[in-house]
Amino acid sequence: MSKKRLPSELCWVLGMIIMPFAISIMTKANLGLSMIAAPTFIISEKVPFLTYGQTEYIFQALVLALMCVTVKKFKPTYLTSFLSAIVYGSVLDLFIWLLRPVTIEAMWLRIIVFVLGMVLTSVGVALFMNTYLAPCAYDYFVRTVVKEKQLDLRKVKLGFDFAFLIIGTALTLLLFHKFIGVTAGTLVIAVCNGNIIAFVHKRINKSFEVYNAFPRLAKHF
């Protein structure tokens, strides 16, 4: 059975739609967010003049700055990750606005929505793995540091996630004196996400031939 062709640029577009949608429905489920998504959600819940999406690209700008310091280098292409952050944050705010009238009270329905969001988040990450276009700063930080410093991917990713877990936990206790964003659901995501991402990534590569529709552009990344 021949594979269908899938432009890597389309993977980026789909990721930029699926990921924010997944996060927006998980906020509705109110059962916890991933370690990466939780800190900005917590801040946006406390600061009234910042939306979740706006907090995202401000926070991601700081992550990019930290990345440049870590690798002791700056390339103009690094700025494309910040552009991705703006797109991501804007789409996230759009979905949150569209879902404002929606309320989910029944626990069984909240669990279904949470699981759906967790799976879709993994799909979004798997799609970003198949494109040369810069993902949001979180994944870009890990990818760039591993490449420039010749470090082990799993160790860098584990350390990055653990740092965000500490940040999220500190923020929720400091700002709200209780756990929001970082809950038992966060631990479920931490345990399950890696396997789901690996499964989806394998299925994409099995079913599709991913190619660059703009190869000249891809050379600059």
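**Figure 1. Contact between helices α6 and α7.** In this predicted model, the α6 residues Tyr138, Asp139, Phe141, Val142, Val145 and Val146 meet Leu153, Val156, Lys157, Phe160 and Phe164 of α7. Sorted by class, this contact of α6 with α7 brings together 9 nonpolar residues and 2 charged ones, with no polar residues. Helix α6 covers residues 137–149, and the two helices pack at an angle of about 140° with their axes 10 Å apart. The crossing in which α6 passes α7 is right-handed.

Figure 2. Leu151 counts as partly exposed because its relative accessibility is 43%. When residues up to four places away in sequence are not counted, Leu151 touches Val145, Val146 and Val156. Phe95 is 56 residues from Leu151 in sequence, and the C-alpha atoms of the two residues are 36 Å apart in space.

**Figure 3. An aromatic pair between Phe59 and Phe164.** A search of the whole structure finds 8 aromatic pairs. Phe59 and Phe164 form an edge-to-face pair, with 5.8 Å from centre to centre and 80° between the planes. This pair links distant parts of the chain, since Phe59 belongs to helix α3 (residues 52–71) and Phe164 to helix α7 (residues 153–176), 105 residues apart. Phe59 counts as buried because its relative accessibility is 15%, and Phe164 is likewise buried, with a relative accessible area of 5%. Phe59 and Phe164 also belong to one aromatic cluster that includes Tyr138, Phe141 and Phe160.

**Figure 4. Helix α2 and its surroundings.** Helix α2 (residues 38–46) is largely enclosed by the rest of the structure, because 7 of its 9 residues are buried. The buried residues of α2 are Ala38, Pro39, Thr40, Phe41, Ile42, Ile43 and Ser44, and they pack against α1 (8–29), α3, α6 and α7.

**Figure 5. Leu92 in helix α4.** Leu92 lies in helix α4, which comprises residues 79–98, and this leucine counts as buried because its relative accessibility is 0%. Leaving out residues up to four places away in sequence, Leu92 touches Pro20, Ile23, Ser24, Tyr52, Gly53 and Glu56. Although Gln54 and Leu92 are 38 residues apart in sequence, their C-alpha atoms are 9.3 Å apart in space.

**Figure 6. Charged side chains over aromatic rings.** Two such arrangements are presented here, one formed by an arginine and the other by a lysine. Arg5 lies over the face of Tyr211, at 3.9 Å from the centre of the ring. The charged end of Lys46 sits over the ring of Phe176, at a distance of 5.4 Å from the ring centre.

Figure 7. Asn30 is not a glycine, yet its phi is positive, at about 55°. This asparagine has its place in the loop between α1 and α2, and Asn30 is exposed, with a relative accessible area of 53%. Lys72, another residue other than glycine, has a positive phi near 55°. Lys72 is found in the loop between α3 and α4, where this lysine is exposed with a relative accessible area of 71%.

Methods:
Residues numbered from 1 in each chain as written. Predicted model: local features only at pLDDT ≥ 70, side-chain atom pairs only at ≥ 80, totals over all residues. Heavy atoms only, no water. Helix = DSSP H or I, 4+ residues; strand = E, 2+ residues; numbered from the N terminus. Buried < 20%, exposed > 50% of the residue type's maximum accessible area, 1.4 Å probe, protein only. Contact = heavy atoms within 4.5 Å. Phe/Tyr/Trp six-rings, centres within 6.5 Å; stacked < 30°, edge-to-face > 60°. Lys NZ or Arg CZ within 6 Å of the ring centre and 35° of its normal. Axes fitted to C-alpha atoms, helices over the stretch in contact; angles between N-to-C directions. Left-handed = near helix turned anticlockwise from the far one by under 90°. Nonpolar A, V, L, I, M, F, W, Y, C, P; charged D, E, K, R; others polar.
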